[in-house]
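Subject: Structure handover

Hello,

Here is the structure I promised to pass on. Please open it first, then read my notes below.

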Amino acid sequence: MIGEVRRKLNDYIGEKVTIKYNLGRNKYEKYHVTIKELYENVFLVELNNNEKKSFSYTDVITKTIKIDY
């Protein structure tokens with residue numbers, strides 16, 4: 001599973017995507033980001049204000065975050 005997520009994200013390095021982050025209790029944060037780098041367990045994204053955030057591939061699998069390509 002992690003390999004599949006990583007391969008899909010690899011196709012979008014440098015591209016703009018939207019990430020919807022589930023905070024629980026029907027609360028969400030939405031980010032418009034550029035996928036910057038992929039590592040073994042996490043991937044790095046850059047927000048519009050040059051702030052960087054990292055998420056794990058497990059977040060995608062468990063649907064903690066949803067990525068709209």
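Glutamate 37 has leucine 44 in β3 as its bridge partner. Strands here are DSSP runs of E with at least two residues, helices are runs of H or I with at least four, and both are numbered from the N terminus. β2 and β3 run antiparallel and are joined by five bridges. Two strands count as paired if DSSP finds at least two bridges between them. Three residues lie between β2 and β3 in their hairpin.

Before going on, a word on the source. This is a predicted model, in which local features need pLDDT of at least 70 and side-chain atom pairs count only at pLDDT 80 or more, while totals for chains, interfaces and linings use all residues. Residues are numbered from 1 along each chain as its sequence is written, and side-chain values use heavy atoms, without hydrogens and water.

The overall plan

The protein chain has two helices and five strands. Along the sequence the pattern reads α-β-β-β-β-α-β. For its 69 residues, a compact globule would have a radius of gyration near 11 Å, and the chain agrees with 11 Å. That radius is taken over C-alpha atoms, and the globule rule is 2.2 Å times the number of residues to the power 0.38.

The sheet

The five strands form an open sheet in the order β4-β3-β2-β1-β5, paired antiparallel. β4 and β5 are the edge strands, each pairing on one side only. From one strand to the next, the twist averages 40°. Angles run from 0 to 180 degrees between N-to-C directions, with axes as lines fitted to C-alpha atoms, for helices over the stretch in contact.

β1 and β2 are antiparallel, with eight bridges between them. Valine 17 has valine 33 in β2 as its bridge partner. The hairpin of β1 and β2 has two residues between the strands, and arginine 25 takes a positive phi near 50° there. On to β5: four bridges join it to β1, again antiparallel. Threonine 18 stands opposite aspartate 68 in β5. α1 packs on the sheet and touches β2, β3 and β5, at about 75° to the direction of β2. Contact means heavy atoms within 4.5 Å.

The core

Which residues have the most contacts inside the largest nonpolar core? They are Leu9, Ile19, Phe43 and Ile67, in a core of 16 residues. Such a core is a set of buried Ala, Val, Leu, Ile, Met, Phe, Trp, Tyr and Cys residues joined through side-chain atoms within 4.5 Å. At least two residues each come from α1 (2–10), β1 (16–24), β2 (27–38), β3 (42–47), α2 (57–61) and β5 (65–68). β2 gives the most, with four. Beyond its neighbours within four places in sequence, phenylalanine 43 is in contact with residues including Leu9, Ile19, Ser54, Ser56 and Ile67.

Is serine 56 buried or exposed? Serine 56 is buried, because its relative accessible area is 18%. Buried means under 20%, exposed over 50% and partly exposed in between, with a 1.4 Å probe and protein chains only. Serine 56 sits in β4 (residues 52–56). Serine 54 is also in β4, but counts as partly exposed at 47%. Setting aside residues up to four places away in sequence, serine 54 touches Phe43 and Leu44, whereas serine 56 touches Asn41, Val42 and Phe43.

Best wishes
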